[in-house]
Amino acid sequence: MFAHTAFVGVGSNLGDKQENCLCGIAALTSDGHSRLLNQSRLYRTAPVDYLDQDWFVNCAVQIETCLDPFQLLAVLQNIQKQVGRVQDAVRFGPRILDMDIIFFDAAIIDHSDLTLPHPRMHLRRFVLIPLCDMDPNLRHPILDQTVRQLLDNLEDAGQGVVELS
C-alpha cells in the first residue's frame, strides 16, 4: 500500500510554534494515506532570507505514503490552510505552519507547482540538520552528495540552529 518514501520539512514561527509543528505532523498521518517512519528532533532556527521576524521551530519527518508527489503537496497545502495559514504577505515571512516536501523517493521534478528535491534544501541548515538526525547518508539525487556532506560543506554559518530541550 505505502509505495513511496518522502521527507517533509515542518516549521512555524507564529503562535505555539512547537504545537503547530506537532499538529501538522499528526494531521499528515491521520488520513491513512501516509504513516510516520521517523521524526527529527525539534530545533529553534533563525529566519533566513527575510530576517525581520521571530525565530522558527523546525523539524523534519520521514513518511511512507501511497500518494504521488502532487497529491502529497495538495495534502500539505490543505493542512496548512486548516491551521489558518493564509497566502504569505511576505515571501519567506512569518507563518503559522510551513510543510515542504524535501525528497520524494529519488524523484527529480521540475514543474511550476512542485520542484523536487526542494530547490533550496541544500542551502538551509534548518533542513539539513533534521535530515541528518534521521539519515545522514540520504543522497541528493541531483547533487550526488549525502545530506551530511551538504551540511558539512554549507558555507553560511550565520544560520542559527539550536536544539529544543
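1. Let's start with strand S1, which covers residues 4-12. In this predicted model, S1 pairs with strand S4 (residues 56-65) in the antiparallel sense, over nine bridges. To see one spot in that pairing, find Ala-6, which stands opposite Ile-63 in S4. S1 also has a partner in S5: six bridges join the two strands, and they run antiparallel. Here Phe-7 stands opposite Phe-103 in S5. Seven of the nine residues of S1 are buried, so the strand is largely enclosed by the rest of the structure.

2. Stay with Phe-7 and Phe-103 for a moment. A search of the whole structure finds one aromatic pair. Its ring centres, those of Phe-7 and Phe-103, are 6.4 Å apart and the ring planes meet at 90 degrees, so the pair is edge-to-face; planes over 60 degrees apart count that way. Phe-7 belongs to S1 and Phe-103 to strand S5 (residues 98-104), so the pair ties together parts that are 96 residues apart in sequence. Both Phe-7 and Phe-103 are buried.

3. Next, have a look at Thr-45 in strand S3 (residues 43-45). Is Thr-45 buried or exposed? Its relative accessible area is 1%, so it counts as buried, the cut-off being under 20%. What does the side chain of Thr-45 join through a polar contact? The partner is the side chain of Asn-58, at 2.5 Å. Leaving out residues up to four places away in sequence, Thr-45 touches Trp-55, Phe-56, Asn-58, Phe-126, Gly-160 and Val-161.

4. Eight of its 10 residues are buried, so H3 is largely enclosed by the rest of the structure. Among the buried residues of H3 are Val-127, Leu-128, Ile-129 and Leu-131, and also Arg-125.

5. Leu-73 sits in helix H2 (residues 69-82). With a relative accessible area of 15%, Leu-73 is buried. Apart from its neighbours within four places in sequence, Leu-73 is in contact with Ile-101, Asp-113 and Leu-114. For Leu-73 and Leu-36, which are 37 residues apart along the chain, the C-alpha atoms are separated by 16 Å.

6. The largest pocket holds about 1100 Å³. How many residues line the largest pocket? There are 44, and Arg-85, Arg-95, Asp-98, Asp-100 and Arg-120 lie nearest its centre. Two or more lining residues come from each of S1, S4, H2, S5, strand S7 (115-116) and H3. S5 gives the largest share of the lining, five residues.

7. Finally, some backbone details to look up. Most residues other than glycine have a negative phi, and most peptide bonds are trans. Against that background, the peptide bond from Leu-116 to Pro-117 is cis, with omega near -10 degrees, and Pro-117 lies in the loop between S7 and H3. Asp-105 is not a glycine, yet has a positive phi of about 50 degrees. You will find Asp-105 in the loop between S5 and strand S6 (109-110), partly exposed with a relative accessible area of 37%. Asp-144 likewise has a positive phi of about 50 degrees without being a glycine. Its place is in the loop between H3 and helix H4 (147-152), and Asp-144 is exposed, with a relative accessible area of 52%.

Technical notes. Residues numbered from 1 in each chain as written. Predicted model: local features only at pLDDT ≥ 70, side-chain atom pairs only at ≥ 80, totals over all residues. Heavy atoms only, no water. Phe/Tyr/Trp six-rings, centres within 6.5 Å; stacked < 30°, edge-to-face > 60°. Helix = DSSP H or I, 4+ residues; strand = E, 2+ residues; numbered from the N terminus. Buried < 20%, exposed > 50% of the residue type's maximum accessible area, 1.4 Å probe, protein only. Polar contact = N/O pair within 3.5 Å; in protein donor to acceptor, adjacent residues only side chain to side chain. Contact = heavy atoms within 4.5 Å. Pairing = 2+ DSSP bridges. 1 Å grid on protein atoms, 1.4 Å probe; cavity = no way out; pocket = protein on both sides within 12 Å on 5 of 7 lines; lining within 4 Å. Points joined across faces, edges and corners; volume = space filled by probe spheres on them.
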